[in-house]
Amino acid sequence: MFKNILFGFCLFLLASISQSSFAATTIVAVATNFSKPMTKIVAGFEKATGHSANLSFGSTGKFVSQMENGSPFEILLAADEKGPEKLIKDGFAVSGSQFIYAVGKLVLWSATPGYVDAQGKILSAGGFKHLALADPKLAPYGVAAIEVLNGLKLQDKLQALIVQGESIAQAYQFVSTGNAELGFVSLSQVYDNGKVSSGSAWIIPEELHAPIKQAAVLLKNGVQNPAATALLTYLKSAPALEIIKKYGYDLAQ
Amino acid sequence: MLSSADLDTLLLTFKVAGIATTILLLVGTPLAWWLTRTRSVWKGPINAIVALPLVLPPTVLGFYLLVLMGPTGAIGQLTNWLGLGTLPFTFYGLVVGSVLYSIPFVVQPLQTAFAMIGKQPLEAAATLRASPFDSFFSVVMPLAKPGFITATILGFTHTVGEFGVVLMIGGNIPNKTRVVSVQIYNHVEALEYTDAHWLAGCLLLFSFTVLLILYTQLKASTVTQPFK
Amino acid sequence: MTDIKARFRLAYDDFSLNVDLSLPGTGVSVLFGQSGSGKTTLLRCIAGLEQAPKGYLKINGTIWQDSERKIFLPTYKRPLGYVFQDANLFSHLTVLDNLQYGLKRIKNNLGIIKLNQTIELLGVGHLLERMPSNLSGGERQRIAIARALALNPEILLMDEPLASLDLKRKQEILPYLSRLHQQLDIPVLYVTHSQQEVAQLADTLVILENGRCLASGPLAETQSRLDLPLAQDREAATVWQVHIAEHESDYHLTRVQFDGGSLSLSLVEAEIGSPLRVQIYARDVSIALTEPSATSILNVLPAVIKQITEGRDSQAVVQLKVGQQLLLAHITRKSLLMLGLRIGMSVFVQIKGTSILN
C-alpha cells in the first residue's frame, strides 16, 4: 500500500518536472498597433504548443529603452525595423533573429460616415480644422503619413492643421472622439472582418509611402527559453499569418 | 545645448503654468473659502469632485477631457455654442486642462489654511465694522498667506510637471501646445537622450530656483509675522 | 428708563435660550451665571454674532433685530464694541494697526482723539509697535478693550474679559475696568461668572440659569432677593454706593455717607465727595433687638426687617433696610427663634467688616 502511494507520488513529481521543462512561458513586448491580432495569435500558440506567453503592449521606443536597461522581455514585436536593429547593434538582441512579421497599412480615416471619400480628395479639398497623425519622430505610421502628404504636395498647405499624437493609438483617439475630423491611422485600428468597420476611410495606395515594415526580434534574455523560440516560429505559421491578414496587415514578401 | 524648439517649449510651459496658476487662485480661493465655511449638503460632493483629479491617472483624465471638450462632448458643445470653437489642440484648451488637473493642489492647501484661521478673527473683524468681503481681504488673506504660497507653489509646479493631460489634449503643436514635459518625453521616446537630459536639467534648475526663492520668502515672512 | 430691549429664543440640540430683558441705557449691566447658563450666547445674540430665529432687539431707539419683520442688522453694521474672552487680536497686525482697524472703517472721524484717549485710559501707549504675540495676556486684553472703545460705540459688550487671566493679571486689569465704569457714558453689558467682578462692576445684575433669566434689576436689589440662590450663598453680600464724607485721620478712618446713614471704614485715600463701592458680606452682619451700648463694633445702624427665609441646615437669611439701602444678614435659625424676629420689626444691625471695592 505504502509502496503504491510512493510510486504514485514519484510519477506525479516526474510529471510536474517534465511539464516545467517542456511547457514554458515567454514574456513578449508588443507594439500597441499589433495588440489585437497578437492576442488572437497567442491563444492559438498556447493551444498548439502548450507553452504560454505574457504580453505587454506599449510604444516601441519605450520598450527599446527598457530593454537596454535590464527589462526581462524576451521578444520584441516592434512597430518598425529601427528598434530591433538598434537592439542588435547594442548587443541586446540576437543577430539574425529579426524578421518582418507584418507590413502595416496606412488609412485616412474619419469617425463620420461619408466624410472621407474613396480617393482621399478631401485632403486637397480641405474644410477640416484638424488632421491627426502620429508623431513622425516617434512612430513609423507618422513617417508614412508625412510621406503621403509630401507626395500629394499638401504638406505646406496642411501643416497648420496637423495635430500629433505621441502614438498611432493617440492619433486614433483624436479622430474617434471627433476632436480631429480626420487623421492618418493604422488600418488595423479600424478594420474588422475584412472591411473598415466604422466611419469612412481611404486606404492609402502602397506607392504613396514606403512600406511600414514591423520587425520582430529575439532578445538575448530569451535564447534559453524554448517558449520564446517556439513563439517566433509560430508567428510565421499559416494560422498566424491568416490572423495577421484578417486585421488589415500585409505580409512580408 | 538647448535647441530653439526646446527653448520654445520651456517658455510655453511657463506661460501655461503662469496663466493656469492665476486662474486656479482666482477660482480656487472663493471655492476653498466656500468649502471651509459652508454647511450646505453640497460640501461633501464638491469636496470629492475637487479631489478626483488625484484619483484618475492623468492620461485617463486627459482622455475624458478630450471626449468632454470635443465636438460631441458637453463642454465642446457649450464652447461651440459660445462661438469659441472646441478647446482640444489649443493653448487655452491646455490651460483649461491644467486648471482642472491641478485644482486639488490649490484648493486643498487654501482650505487647510482657512480652516486653521477659524471664525474668531472674522468675528473680531465684524465687531470692528468690517463687512464679510472687507474682512476676507484684510484678515483672512494675510492670515492665510502661508496657505496661498503653498497653493501657488503646488499649483505652478504641478502644472509645469504635468504630462498626461497635455499629451492627450494638446496635439503637440509647436508654440501652441508643445510643452516641455511632452518634449522631454518625445526626446526619450526617440532615443535622443542628450537632448532629453539638457531640457530636463534646465527645467529642474529653473524650478528649483523658483521653489527656493518662494520657500525662503515664506520662511522670512513667518519670522517677522508669527502666525499663531 | 429702559433703553435696551432684548428678547431672544433659540434652541440647539442640548441648549436653549429664552430670555426677555429690559436693561437701562447707562451703567454696567452684568450678565451673571454659571457656564452653560446662556450668558455668552445672549451676548452674542445682542452682537449679531449669533442669530436667534426668534428675536427682538432695540438699542437706544434703534431696532437691531426683529424676526417678525425680518429685520436683522449684521454685526458689522451695529455700532457696538465687543471684547472677547481671549482678546482675539489680529495676529498679523501690530498693536497700533489693531487699534486702528475699526477706526479706518467708520465714517465719523473723531477717531484719532478718541483713540488717543483710550490709549491713555488703558495705559497701552508703550505697546503700540509690538506684535500681539509679544504681549502678556493682561496687555492683550487691555488692547482689546481699547480697540473696542476707540470706535466710540453706542454700547460696549464684554464677554468674560478676565476669565482667561490669572489672578495677578486680573488685579492688573480691574482698576482699568473700574475707571471705565466711571468715565464711560454708554451702557456696558458684561458677562461673567465671578461674584467678585459682579460686586466690583455691576450697576444692574442679570442672573441667568439654563438659558432663562432668573432675575434682573439694580445690583443691591437683586443681590438681596431672598428667592434667589445668590442670597443663600456663603459669599452672599450687598454692595452699597457711598460717598466719602470725612476723614478721621487720628483714627485712620474714613466716614462715608449713604442714602439714610453713614459708615466708618478704614482710611480711604480719596477726596471728600468721591464715590465708592462698599461690599458687606451677609455673614459679617449680626442683628440686635436693642441698640448695643457696649460694643467694639463701630458700625451699628438702625434697620427694619423686610423679609426672612429659613435656609438649609442651621442658617436663616434676613433682608433688612438701612435707610434706603438693602442689606443681607446670615444668622442662625436658633437666633432667629430666640430673638423672635419678624417682618416689619425695627432692629439694630452690627456690621463687623466691610470691603472697599475701588
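This is a predicted model: local features need pLDDT of at least 70, side-chain atom pairs count only at pLDDT 80 or more; totals for chains, interfaces and linings use all residues.
As for labels, residues are numbered from 1 along each chain as its sequence is written, and chains are lettered from A and ligands numbered from 1 in the order in which they are written.

Let me begin with chain C, which has 9 helices and 21 strands; here helices (H or I, at least four residues) and strands (E, at least two) are DSSP runs, numbered from the N terminus. The radius of gyration of chain C is 22 Å, close to the 21 Å that the globule rule gives for 358 residues, so chain C is as compact as a globular protein of that length. That radius is taken over C-alpha atoms, and the globule rule is 2.2 Å times the number of residues to the power 0.38. Along its principal axes, the C-alpha trace of chain C spans about 65 × 50 × 35 Å.

Of the 358 residues of chain C, 41% count as buried, where buried stands for 20 or more other C-beta atoms within 10 Å of the residue's own, exposed for 12 or fewer, and partly exposed for anything in between, with C-beta atoms placed from the backbone. If we take the contacts in chain C between residues at least 6 apart in sequence, 66% of them join residues at least 24 apart; two residues are in contact if their C-beta atoms, placed from the backbone, lie within 7 Å.

How is chain C divided into domains? The domain assignment gives domain 1 (4-232) and domain 2 (237-356), and such bounds come from an automatic or database domain assignment. The C-alpha centres of these two domains of chain C lie 32 Å apart, and 9 residues of domain 1 of chain C are in contact with 14 residues of domain 2 of chain C. On the domain 1 side of that contact, helix H7 (219-223) and helix H8 (229-232) of chain C each supply at least two residues, and H7(C) gives the most, with 4 residues. By class, the residues on this side of domain 1 of chain C divide into 5 nonpolar, 3 polar and 1 charged, where Ala, Val, Leu, Ile, Met, Phe, Trp, Tyr, Cys and Pro count as nonpolar, Asp, Glu, Lys and Arg as charged, and the others, Gly among them, as polar.

Chain C also touches chain B, in a contact that takes 18 residues from chain C and 17 residues from chain B. Strand S7 (80-83) and helix H2 (95-103) of chain C each supply at least two residues of the chain C side, and that side holds 11 nonpolar, 6 polar and 1 charged residues.

Turning to chain B itself, we find 11 helices and 0 strands. The C-alpha atoms of chain B fill a box of roughly 65 × 45 × 30 Å, taken along the principal axes, and buried residues make up 42% of its 228 residues. Among contacts in chain B between residues at least 6 apart in sequence, 73% join residues at least 24 apart.

Chain A, in turn, is divided into domain 1 (2-103 + 212-246) and domain 2 (106-203), whose C-alpha centres lie 32 Å apart. Between them, 10 residues of domain 1 of chain A are in contact with 13 residues of domain 2 of chain A, and the domain 1 side has 3 nonpolar, 4 polar and 3 charged residues.

I will finish with two backbone details. In general, most residues other than glycine have a negative phi. Arg129(B), however, has a positive phi of about 75° although it is not a glycine, and Arg129(B) sits in the loop between helix H6 (120-127) and helix H7 (132-143) of chain B. Is Arg129(B) buried or exposed? With 23 C-beta neighbours inside 10 Å, Arg129(B) counts as buried. Asn210(C) also has a positive phi, near 50°, and is found in the loop between strand S10 (204-209) and strand S11 (212-218) of chain C. Asn210(C) is partly exposed, with 14 other C-beta atoms within 10 Å.
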